[in-house]
Every structure is written in structure tokens, then in C-alpha cells.
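Please look through the model shown here before reading on. The text below takes up a sheet and then a contact between domains.

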Amino acid sequence: MEPFKKITAVGVPLLRINVDTDCIIPSREMKKVSKVGLGEGLFAGWRYKDTSGREPDPDFILNDDRYSDAQILLSGVNFGCGSSREHAVWALVEYGFKAILAPSFGGIFYNNCTRNGLLPIILAEEDIALLAGWVAENPQENRLVIDLVRQIVSGPEVVAFHFDISPQDKDMLLNGFDMIDVTLQRENEITAFEQQDRRIWANLGETQLIS
Amino acid sequence: MSPQTLFDKLWDSHVVSSLGDGVDLLYIDRIFLHERTGSIALKGLQEKKRPLRHPENVFCTIDHIVDTLPGRGDETLMTGGKDFIQSTRASARDAGITFFDIGDTEQGIVHVISPEQAIVLPGLTVICPDSHTCTQGAFGALAFGVGSTEAEHAMATGCLRLEKPKTLQISFEGQLSEGVTAKDMILYLIGKYSAAGGSGYSVEFCGDAVSALDMEARMTLCNMAVEFGAFTGMVAPDEKTSAYLEGRPYAPKGADWTRALCDWQDLESDEKANFDKKIAIDAANISPMITWGTSPGQAMALDGLVPDSVKMSDPHAQQAAEKALAYMNIHPDRPLSGLAIDGAFIGSCTNSRLSDLRRAGEILKGRKVAEGVRAICVPGSSAVKRQAEAEGLDRVFTDAGFEWRESGCSMCFYAGGESFGLEQRVVTSTNRNFESRQGPRVRSHLASPETVAASAIMGHIASPKEVKDGAL
């Protein structure tokens, strides 16, 4: 996965609460056993005029030319709630998003983001409102800067906001780590845990099924 | 040792190692997969030639995309669905995991069959790339949904790297009123505390009204913990839990069973355990519930009035309510009851078990679905379907005018195959009323199976009481 360090990019405000993963990518847009080819289905229910077609709905903010090439999404509480589908994150990434700002996130979605190089940033609702207002004045000019090393979101004319992120997630994003490789280095500890596990009843390896 | 919550006990007993900064490497005992999100996880491992650490701990079923019409096979109404099924089957066989295929007696919705087979047990960690894995917390397991990448991680390493959530105790005190179900309890909770009310917490449900629930009702309660925004939900195991599990295919046997019962004795929150937050609810205050909007948090009493967005104090909730009222084509300060419906759906990992079908059957018996209403029942597993048929429930449903289907997730969500029609109003026993969840612009109202059955009979949103009191 691509490392994330610092970006300067167009932000797009989608200030709704409870934006669920069905809205981010409807199930009907998950057409193949694949992590790619999903960007077109992003927000399909809102982005296109009808379900089967691809005619853009001009009322949806991502179809507004002023926000073209947006890489930062600003949204409301509980962003990414609902289904665990990682396709929501794959679709956002493929579309070009690199960071999402929201007051809170669905828990599974949050972890899916960090595992795919998409930075989820938790900021207070009023701070997001302030940033969104400033961005909307002139989206292409008023670009946001996100510095993961310093954990700061800023713009030239707005105050900088500090955000929290766990050291593990920060490390993973900064380095683009594949966490399976990192965890496999702890093979000895995992084996030790298995050997001292006394829950014989939990062990399916030695269980024979009742027929 | 200081007093611990049930969650703390489950968590601590699975810590392989502390990674610092509040992150633990947690051992995962069971992994379940399905063709929707599990297929891609298996494919991901295969592409990188990563072996599974314990294939014997990994199970897979076909439930999400497979058709539920009689005579089904790999072909699906959803374009391309066949590829998901066949790819999953091939990957599952290559990986050497236990696979419940279409036509197998064990097949069904993952969160219905895992308990049926006793794959979930008290004290285990269970994951699935499916948000409703919290359902299985009903057995006193630490069961939670993850993404596909995390499922790969768990299959390759036997572990997950996790930050410990906070703990929230939700106590339903006293007794439920007649006709009030676990579905009403969870909708009441989410309606009152919002769809983000449990955000960041692991929830333990307790109290007399929870203890009184049977295992299937506890599953319904825990199923929608994710709709409350929680990391998971759980109920401490008791005699009902072990009675349910004993003798099932993957349950421990003989001396192992005795040992398990002994170990499970400790799986409860200690008397003075410290929760980060507590909520107490008087069960007597809960009445049959239904959702009016497009988030499970937009819920109301079935005999109440649709809220007025103008009166909401939070501007974002107000804006969301306005959008939802427009989408659902309903009006504030009016009852939902009496609103004409086009569809009725009984099924899903929330409410598709035998007890759900029996309760709905009580209402349907000797009655007919109203003209113009498409009514569908999809048993949660092949076993539920067989049991229901053995006691004649299938006839009760079909005589009333319901379609009687093969098991699967079916029309709980629209994947490009079957759906209800454009802008149709549906009363549904499922868990999500999101925009277009059950089909393009479909208007979904979440409720208990008995409310779905009653509404199907009346042809409008109706309570079971209305059916029983009425001449129908």
C-alpha cells in the first residue's frame, strides 16, 4: 500500500450524518471478486440520475466541477457505518480520496481505511464545519494540507487543527506496511500462546464431529 | 485480582502479546467467511501464496448472493453472482477449510448456522468479514465483524492487532410487556441513543429482561449492536446457552464438554466490575417498534407519531430527518400505522430463526396476505427450513400467500438481482433501512417478524394486536 506522509489537496464537503457503506458503494456495484473496478460505483445512488445508468446527477457535490480532483472528503458523524464491506474503502481510494475528515467513524470502516492507505481523521464537528465553509468559498484555491507526521490539518488561511491517531495506525500509514508481514515476525509469541492455551474444548484440530 | 467485566475476561484471555500504545495482538479462535467478502480474502491469501495458519478453524458458507428461489444453483439473478460462488468454492477447497455449499444440510446465513453447528462457543473469539458477526456475542463469545484484509490477517497469522474498545453495560431491567420482542428492545435502544450511541464501545446486555430471553432472541438483540455503532454486543452465558449448544456438531464432547462448562462458569462480569459507561432501561417502557427513516436510529413506537424534524435540537439530525422524511414519503406528526405497503419480508440474520417463524406463523394462521402485497419468508438456514417444514409452518406461510424460500440473506439487501420495486414500501424483519438497501429507492421499515406478518395481512403498517382484535 502507498505510504501517506503529507498532502495538499482539494476538499469536498459531504456534511451528512450516518453516511453508511451501502451509500458509499451499493451492493449492486460490487460486481466481481476484485478490489479494483469499484471507483465508478462510489456513491452511485447519489452520483447518478438512475440506478442502472451513469448520467451524473448535477445536484450531487462530487459532480460539481469546482470540486474536481478532490482528495479529501469532509463529512458528518458515524461516517462509514453499516456493512463491513471493504469495497467502500477500495472505491474511495480508487476514486482518488486520500483522507476522510469526520467527527466519528464506523469502527470496521475505520480499520479498513488504515489498512488501505486511506487516512481517517477524527475532528470536532465545529472544526469540520469551519474547514468546510472555507473550502466551499473557493475549492480549487482553498486547498487543505494534511500532515500525518505532525498530525495536523490546515489551510493557509485557517487555523491548524491537531488530530489524534494511534501510533500503530500512524506507523502503518506512513510506511505503507503490510501488517500480515509485520505480525508474522511474532511467530514465536503466537506459537507460545497456542502451546500454553489450556482450553482443550476450544481446539478443533483434535475434535471429532458428532455424526 | 481486581473485578473484571465479561469483555475484559474475553479480551485478556486472548492477548498473545501487548504491542504498546494500547494495541494488543489478540488470538482469534474461529473465522467464518461467505462468498460476498470472504471470497476476496481467500483470493488475497492465494495471490500472495500465504498459507492459512489453522484451516481447521476456518468455515465458509454461501449465503449472500446465492438465489433463494426453489431449484437454485450457481446461476444467480444477480449478474456475475455465479463467479462469486464458484470462486469461493474453489478457494475454500484449495485452502482446506470447512465449506457449507449450496444444497448441503448445514448451509445457511453465517450467523444462523455458526450457532446451529456450535462453531461459536462461550469464551471464544470469532470473526467474520461481516458486520453482523456481533450476533454471535449472544453466546458469551467475543464476536465481531472485520474487513476482508483483516480476515486475511487472521487466517494467515491466527491473530488480529486491535485497540481495546471501552465497555458499556446496557441493562434492561424488569419485564417486557406482552407482545414486545428482542427486536423492539434493540430498536428502542438505537432510537433513543442514536445509531452512533455505542460508538467505540463493546456492549454487554444484561438485566432481567435479557436473562429472560431465549438464545434466538438474544441473537436478535446482539445482531443490531453494530447498528448502534458498537464494536460488538454480548450476553453472559448461562444454562440456556449450554442447553442450546450441547450435542450440536462442533460442540465439545465428553470430558471436554464438562471442562468447557467449568471454564464457562467464570464468563460473567464480576459484581464490582467497572464499566466505562452504563445505561439502564426499564423494559416495561418498551412497546412494539418500527423505523420511520433511513437509519436504524430513526425508530419510533408503532402506535406513535412520526417525529417532526423541525422540533429536533441537533441541526444535523434535523437535516438527516428532513432527507429521510422525503425519501420515505411520510409526514411528521402523523401515525405510520395505517400506511399502505407493497412488500413484507421475513428473514435475515436478525429474525429468520425457528422461533421468529413460529411467532409470525401464529399471526398468519388462517389468514390471507392483503391483495397487492408481495410477502416473502426466507428461513435463515437449511436446518431452520427443514424444522419449519416438519412442523407444517411452511404451509401456514404459503396458505397465507407468502413465498417460502430456500435459505440465505436474500432480499435483506439488493445486490443487483432480486429487489422490491422502485419506491415500494416494505415492512421487513431485517436490520438496515438504508436508502436503496432492499432495491432502488425502496422504502424499508424495520420491525419484528410479527409486525411484518400483521402488516402483510392488513395491507398496511399494523400491529399484531390490530390483526388479533380485528375481524380479519
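In which sense do strand β6 (residues 152-155) of chain A and β7(A) pair, and over how many bridges? The model is predicted, and in it these two strands pair in the antiparallel sense over three bridges. One of the residues involved is G155(A), whose bridge partner in β7(A) is V158(A).

The pair belongs to an open sheet of seven strands in chain A, ordered β4-β3-β2-β1-β5-β6-β7, with mixed pairing. At its edges stand β4 (119-122) and β7 (158-162) of chain A; each has a single partner strand, so one side of each is left without a neighbour in the sheet. From one strand to the next, the twist averages 30°.

Chain B is assigned two domains, domain 1 (6-264) and domain 2 (289-469). Taken over C-alpha atoms, the centres of these two domains of chain B are separated by 24 Å. In the contact between them, 37 residues of domain 1 of chain B meet 44 residues of domain 2 of chain B. The two bury about 3,200 Å² between them, with 56% of it on carbon and sulfur atoms. Of the area that domain 1 of chain B buries against domain 2 of chain B, T68(B), I109(B) and K183(B) supply 20%, more than any other three residues.

Across this interface of chain B there are 23 residue pairs in polar contact. The helices α4 (110-116), α6 (182-193) and α8 (215-223) of chain B each supply at least two residues of the side of domain 1 that touches domain 2. Among contributors to that side, α6(B) gives the most, with six residues. One salt bridge is found across the interface.

Note on methods
Residues are numbered from 1 along each chain as its sequence is written. Chains are lettered from A and ligands numbered from 1 in the order in which they are written. This is a predicted model: local features need pLDDT of at least 70, side-chain atom pairs count only at pLDDT 80 or more; totals for chains, interfaces and linings use all residues. Side-chain values use heavy atoms; hydrogens and water are left out. Two strands pair if DSSP finds at least two bridges between them. Helices (H or I, at least four residues) and strands (E, at least two) are DSSP runs, numbered from the N terminus. Axes are lines fitted to C-alpha atoms, for helices over the stretch in contact, and angles run from 0 to 180 degrees between N-to-C directions. Domain bounds come from an automatic or database domain assignment. Contact means heavy atoms within 4.5 Å. Buried area is the accessible area (1.4 Å probe) that two parts lose on being put together, summed over both. A salt bridge is a side-chain nitrogen of Lys or Arg within 4 Å of a carboxyl oxygen of Asp or Glu. A polar contact is a pair of N or O atoms within 3.5 Å; within protein, one must be able to donate a hydrogen and the other to accept it, and residues adjacent in sequence count only if both atoms are side-chain atoms.
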